[in-house]
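Colleague: Could you walk me through this one? I have not looked at it before.

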Amino acid sequence: MMKRDKIKKFISTLLVTVLCVVLTSCGVSSGGGNVNASSVNGKGIKAILTISDASDAFRSTLAAAAEQAAGQCGMELEVLDAAGSSETQMNHIKQATDADVIICALCDSGTAQQMEALAGDKPIVFINSCPDEDYLEANKYVYVGSDEGVAGGLQAEYVLDKFSSKDTLNVAIIKGESTHSATKGRTKANKAVLEASGKTINYVYEDYADWSTEIAENMFDLFLKTKQPIDAVLCNNDSMAIGIVQSMEKNGISFDSVPVLGVDATSDGLASIEAGKLACTIFQPAEGQGKLAVAAAVQLVKGENLSSLEGAEDNNLYAWVSFEQVTKSNVGDYK
């Protein structure tokens, strides 16, 4: 087995590999430009943002951040809620006749090609759920977000640090929507980093809770009745992690012995960390994503290269905002 210091060094190296290999669907490579997202001028540009589900805490925050960024740069932005319906989202795009550009958080990442067909000549900035790279086109159909492999890798790193002395780990993974790229990317990276540690990893429970607190809580209530050993619970987002926390409270499970991890650093997630319940979340910067998505939309309408923006890749397909690990030791920095 690897010693603790060697494990940490190995994981840091592996996270770089995860960026380049594990999430091939979102094609990560080195690159980046020099235009700050705050400096773009969107005056005279009309856009719509069709959000997949505004009732979701993170996506609601992302939409609000995009609205704020649009107001600051002079863009006219209309925000529409698809409420989880791809058909409604298609209607949003059909009816966006006056828009110069579309910002789209897909309900289903597999519908990207249909959205592009409906958009006609209008460029699309996809956010929150990454389409397959086959459906992206340089400086026309692009993706702005945070690399999901980093989020999953940082969760796994926390667990490996916590249980550095154990040779075998019993892990539960609570997943988001089955069609969402974040579900696939975070889960795949969870497993890649855990399994590369050299420890024996037993996945004692793994299922989709569709980002829902209630579904996650009910699922974990049933799992705990099986009396299977459990060391850690990795959740694809904070809302589901809160559900696991609630289930553990009801069933008298110690948060110190079984850490629960989320993603997004929502206000509820941060409050749970402060209360000593949630062990870790991964900050997904909604404000940064919203600002960068609006800046990308402006660049596309003006015929500029996406790669001129800070955080963008040289291939003009992707622009990235970094994830960050949040624990009790640094939660105050994110309040």
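Modeller: Four bridges join strand E6 (residues 168–175) to strand E8 (residues 232–235), and the two run parallel. Strands pair if DSSP finds at least two bridges between them, and helices (H or I, at least four residues) and strands (E, at least two) are DSSP runs, numbered from the N terminus. This is a predicted model, where local features need pLDDT of at least 70, side-chain atom pairs count only at pLDDT 80 or more, and totals for chains, interfaces and linings use all residues. Residues are numbered from 1 along each chain as its sequence is written, and side-chain values use heavy atoms, with hydrogens and water left out.

Colleague: Which residue stands opposite Leu234 in E8?

Modeller: That is Ile173.

Colleague: And what order do the strands of the open sheet take?

Modeller: The order is E7-E6-E8-E9, four strands with parallel pairing. Strand E7 (200–208) and strand E9 (260–261) are the edge strands, each pairing on one side only.

Colleague: Which strands does helix H6 touch?

Modeller: Helix H6 (residues 181–195) packs on the sheet and touches E6, E7 and E8 (contact means heavy atoms within 4.5 Å).

Colleague: Switching to helices, how do H5 and H6 cross?

Modeller: The axes of helix H5 (residues 148–162) and H6 come within 7 Å and cross at roughly 40°; axes are lines fitted to C-alpha atoms, for helices over the stretch in contact, and angles run from 0 to 180 degrees between N-to-C directions. H5 and H6 are therefore oblique to each other, since angles under 35 degrees count as roughly parallel, over 145 as roughly antiparallel, 65 to 115 as roughly perpendicular and the rest as oblique.
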